[in-house]
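Visitor: Can you walk me through this model? I'd like quick answers on a few spots.

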Amino acid sequence: MPHIISIEKLSKVYASGFEALRSVDLSIQRGEIFALLGPNGAGKTTLINIVCGIVRPSSGRVMADGHDIVRDYRAARAKIGLVPQELSTDAFETVWSTVSFSRGLFGKPPSPAHIEKVLRDLSLWDKKDSKIMTLSGGMKRRVLIAKALSHEPQILFLDEPTAGVDVELRQGMWEMVRKLRENGVTIILTTHYIEEAEKMADRIGVISKGQLIVVEDKAVLMRKLGKKQLTLQLRAPLQAVPEALAGLPLELTDGGHALVYTFDTQQEETGIGELLKRLAALGIDFKDLHSSESSLEDIFVSLVHAGDRVGNMPKEAA
Ligand SMILES: Nc1ncnc2c1ncn2[C@@H]1O[C@H](COP(=O)(O)OP(=O)(O)OP(=O)(O)O)[C@@H](O)[C@H]1O
């Protein structure tokens with residue numbers, strides 16, 4: 001079976017009349033890390049909650065590892081682990097008992113060996129007898145992940161896994177997610193941190209106003225939509241881009257001190273040689289030059305803004 005999750009024409013209209021998802025089609029490949037990006041309110045959590053059986057779809061169909069998530073809910077849900085956004089855990093329970101209890105909820109027989117492995121993998125083993133309320137925020141988040149993995153799911157949903165987690169812990173989390181994937185778990189994560197998607201994902205889906213506007217291999221997405229820029233620091237400032245250079249993708253910045261040339265990363269001919277020749281002919285001299293490539297963040301912002309789909313993507317510091 002090539003796809004572990006297939007979503008067809010999935011729509012959700014909440015009781016308020018709000019249309020949170022509009023005919024979403026998406027297939028997740030077995031063993032991949034898929035990142036779902038989108039501004040606040042785009043519909044990411046709604047999509048995850050439908051697949052996990054928490055929200056009912058208005059129309060459409062979702063299959064998880066061969067099971068229809070509505071008609072065959074229990075079987076489908078048993079395949080899925082969900083790490084929700086909120087940190088609501090049982091404060092007075094110990095790590096060991098809360099994680100073991102989660103496994104029981106899925107009707108799985110106790111397996112101390114599995115729980116031990118999960119806790120060791122998440123560096124929680126030495127905390128197994130600690131009460132949840134005594135743990136740090138990062139540890140509590142790892143407990144949520146341990147709970148989600150307690151019943152040995154094939155699919156793991158991580159909703160904003162590293163929100164509010166410090167940089168070091170975030171990298172530890174990425175490490176752990178990669179390890180899970182190596183063990184055959186398919187991972188779908190939502191994130192506001194573009195860096196997270198850039199570092200982790202095999203494929204990226206961009207959702208905006210309930211519609212999936214792009215699904216693409218990360219490398220392809222970056223190559224297709226990525227732009228490179230060559231910035232020339234001019235020896236003498238210019239008032240405007242010279243007439244003779246009109247028509248070239250040039251922009252004057254830094255109060256006329258820098259000339260920026262934008263080109264497509266896919267093009268065979270960058271046109272840089274020609275540009276430099278023409279600058280020399282015009283007697284425009286430069287003292288320094290550097291090139292840069294657009295990040296996934298630039299690509300994402302331009303995608304979400306395209307077609308007047310203006311989102312309110314927060315730029316959080318990584
Ligand atoms: N129970 C509900 N009733 C009505 N509207 C809802 C309900 N739940 C969510 N919505 C709306 O649906 C839209 C999508 O919400 P959702 O939580 O799926 O977005 P999101 O992409 O996960 O956002 P965030 O990044 O902020 O978590 C929002 O406008 C939200 O207000």
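This is a predicted model: local features need pLDDT of at least 70, side-chain atom pairs count only at pLDDT 80 or more; totals for chains, interfaces and linings use all residues.

Visitor: Which residues surround the ligand?

Guide: Y14, S16, F18, A20, G38, N40, G41, A42, G43, K44, T45 and T46. A residue is near a molecule if its C-beta atom, placed from the backbone, lies within 6 Å of it.

Visitor: Which helix gives the most to that shell?

Guide: Helix α1 (residues 44–51), with 3 residues. Helices are DSSP runs of H or I, at least four residues, and strands are E runs of at least two, numbered from the N terminus.

Visitor: And by class, what is in the shell?

Guide: 4 nonpolar, 7 polar and 1 charged residues. Ala, Val, Leu, Ile, Met, Phe, Trp, Tyr, Cys and Pro count as nonpolar, Asp, Glu, Lys and Arg as charged, and the others, Gly among them, as polar.

Visitor: New topic. What is the strand order in the open sheet?

Guide: β12-β13-β11-β14, with antiparallel pairing. The edge strands are β12 (250–253) and β14 (286–293), each pairing on one side only. Two strands pair if DSSP finds at least two bridges between them.

Visitor: How many bridges between β12 and β13?

Guide: They pair over 4 bridges, in the antiparallel sense. T253 stands opposite A258 in β13.

Visitor: On to α5. Which of its residues are buried?

Guide: R141, R142, V143, L144, I145, A146, K147, A148 and L149. Buried means 20 or more other C-beta atoms within 10 Å of the residue's own, exposed means 12 or fewer, and partly exposed is in between, with C-beta atoms placed from the backbone.

Visitor: What covers them?

Guide: The cover includes β6 (80–83), α3 (95–105), α4 (112–121) and β7 (155–159).

Visitor: Why is G138 partly exposed?

Guide: Because it has 17 other C-beta atoms within 10 Å. G138 is found in helix α5. Leaving aside neighbours within four places in sequence, G138 is in contact with V165 and L169. Contact means C-beta atoms, placed from the backbone, within 7 Å.

Visitor: Last one. Where is D65?

Guide: In the loop between β4 (59–64) and β5 (67–68).

Visitor: What about the phi of K209?

Guide: Positive, about 50 degrees, although K209 is not a glycine. K209 is found in the loop between β9 (203–208) and β10 (211–217).

Notes: Residues are numbered from 1 along each chain as its sequence is written. Two residues are in contact if their C-beta atoms, placed from the backbone, lie within 7 Å.
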